[in-house]
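Please examine the model displayed here.

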Amino acid sequence: MHTISEPTALSSDSAPAFHVVLTRFLAVGSLLGLIALGLAWELWLAPLRPGGTWLAIKVLPLCLPLAGLLKNRMYTYRWLSLLIWIYFTEGVVRAWGDKWPSNALAGVEVLLCLVLFVACALHVRLRLKAAKALGPLQEVV
């Protein structure tokens, strides 16, 4: 009877693990997308001055959580979900006030920020749910 319930537990554990990996992939991908977009936007695609601007340094704070996401640290997902609202606000303001092509790039920034926030929030929620299901003494990887 014990061996029958064991495969059921393994199959139910694989579903949350897949979603955790998916949210991690989305978070890392959207963060890398924001970094690439910020650099390309301010240096080549729509700089305020020819040759680029100092606004390209806005991507430096986004480089800090990248190591934590790659190491799968729960704390990084939590604080990044708060930090990202600064970039969301910048994207909304520039989408509303800038001219083409900067407003379109700002729209992409807003979209990437929303994907990153949802991915971080879901990742934290799914990992906490999995940890609760495993019990107090086991750790979720």
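Q: What makes the contact between R94 and E42 a salt bridge?
A: A salt bridge requires a side-chain nitrogen of Lys or Arg within 4 Å of a carboxyl oxygen of Asp or Glu. The closest N and O atoms of R94 and E42 are 2.6 Å apart, so the pair meets the definition. R94 belongs to helix α3 (residues 74-97) and E42 to helix α1, so the pair ties together parts that are 52 residues apart in sequence. Helices here are DSSP runs of H or I with at least four residues, numbered from the N terminus. The model is predicted: local features need pLDDT of at least 70, side-chain atom pairs count only at pLDDT 80 or more, and totals for chains, interfaces and linings use all residues. Residues are numbered from 1 along each chain as its sequence is written, and side-chain values use heavy atoms, leaving out hydrogens and water.

Q: Why is E42 called buried?
A: Buried means under 20% relative accessible area, exposed over 50%, and partly exposed in between (1.4 Å probe, protein chains only). E42 has a relative accessible area of 0%, and is therefore buried. R94, at 11%, is therefore buried as well.

Q: Which residues are linked with E42 in a network of salt bridges?
A: The network links E42 with K58, E90, R94 and D98.

Conventions: Helices (H or I, at least four residues) and strands (E, at least two) are DSSP runs, numbered from the N terminus.
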